[in-house]
Amino acid sequence: MKFLLAVLAAFSLFTAPAHAGPSYFDNTGRSDVLSGGARLIPIQTPKGAFKVWTKRVGNNPTIKVLLLHGGPGATHEYFEAFDSYFPGAGIEYYYYDQLGSARSDQPDDPSLLDTARFVEEVEQVRKALGLDSSNFYLLGHSWGGILAMEYALKYQQNLKGLIISNMMASIPAYNEYANKVLMPKMDQKVLAEIKQLEAEKKYTDPRYMELLLANHYVYHVLRMPPEQWPEPVNRSFSRMNQKVYVPMQGPSELGASGILENWDRVKDLPKITVPTLVIGAEHDTMDPAHMKMMSQKVKQGTYLYCPKGSHMAMYDDQQTYFKGLIAFLQKTDKKGAR
């Protein structure tokens, strides 16, 4: 019996993850211990000083992931699924509400809705958190993917790795995909009614969202019955700041307009030289073939395909999403250690 216990104990040493133990929760030298990792970070903008909210989870000297939420104008909250996977893998990560979102300041100034300004905001957040090329991974989902690409094109010297989740590198290509692929698959009578509501600018009409939810969202945004949508997703979507979202994305849910309408960085992708993971999903509003192409254009690209997933693949193809994401982070970390 003692021999069996000894064998089991020895086996556990080899099967236990390397991060097991108290080091993941070591807060030594951290200034955010009192608040459980939460901080309000001061940022400077062309319109004065504001504060943005961040929250650290865990401790890992070589893998620190800053999460950029979508929208624009959504919140960090729909990333809460990461709590089920990242701590177990020993990954340190940071929730972050961009300026105009949720727990951060929400100035009512359209001039601040500028992609280049958001990039400078991310850079100020990076500096405040003490992230650098030895540990800093930037993960952007949806609009956050646009922001992550823009950041990498200006500041990739600060990055150890980049993750572009469920976002194409071209809004015109995204709109073309919606028009040529997604809309033809819809019930055409329903599509006609949606288009009529849009023509009449009735975007706040309850009928508009009712039609989109039943005929678009459950197929391409989150492939679950609406009553089963995870609470963090509903909470995040309910707090979307329309004063940020509409000017940048546009009021239509079947394509993008507004400030981002002509945004296109496909030709600049080869300039991104850091290890990059591009995550695409079969049923996404974003073209998975385009996202595979993106992974081939960057210098050190990897493509993660989620066959069951849609735009929120971290929920509707969760196992594929997190297994691939964690593998990328760990593989890149090992390369960096050589």
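**Terms and their grounds**

Author: Ala-102 lies in the loop between β4 and α2 (115–129); helices (H or I, at least four residues) and strands (E, at least two) are DSSP runs, numbered from the N terminus. This is a predicted model, in which local features need pLDDT of at least 70 and side-chain atom pairs count only at pLDDT 80 or more, while totals for chains, interfaces and linings use all residues. Residues are numbered from 1 along each chain as its sequence is written, and side-chain values use heavy atoms, with hydrogens and water left out.

Reader: Why does Ala-102 count as buried?

Author: Buried means under 20% relative accessible area, exposed over 50%, and partly exposed in between (1.4 Å probe, protein chains only). Ala-102 has 16% relative accessibility, and therefore counts as buried.

Reader: What is the phi of Ala-102?

Author: The phi of Ala-102 is positive, about 45°, although this residue is not a glycine. Most residues other than glycine have a negative phi.

Reader: Why does Asn-166 count as buried?

Author: Asn-166 has 0% relative accessibility, so the residue counts as buried. Asn-166 is placed in the loop between β6 (161–165) and α4 (171–185), and its phi, near 55°, is also a positive value in a residue other than glycine.

Reader: Which residues does Tyr-321 touch?

Author: Contact means heavy atoms within 4.5 Å. Not counting residues up to four places away in sequence, Tyr-321 touches Phe-82, Leu-139, Ser-165, Asn-166, Ile-279, Leu-304, Cys-306, Ala-313 and Met-314.

Reader: Which peptide bond is cis?

Author: The bond joining Gly-71 and Pro-72 is cis, with omega about -5°.
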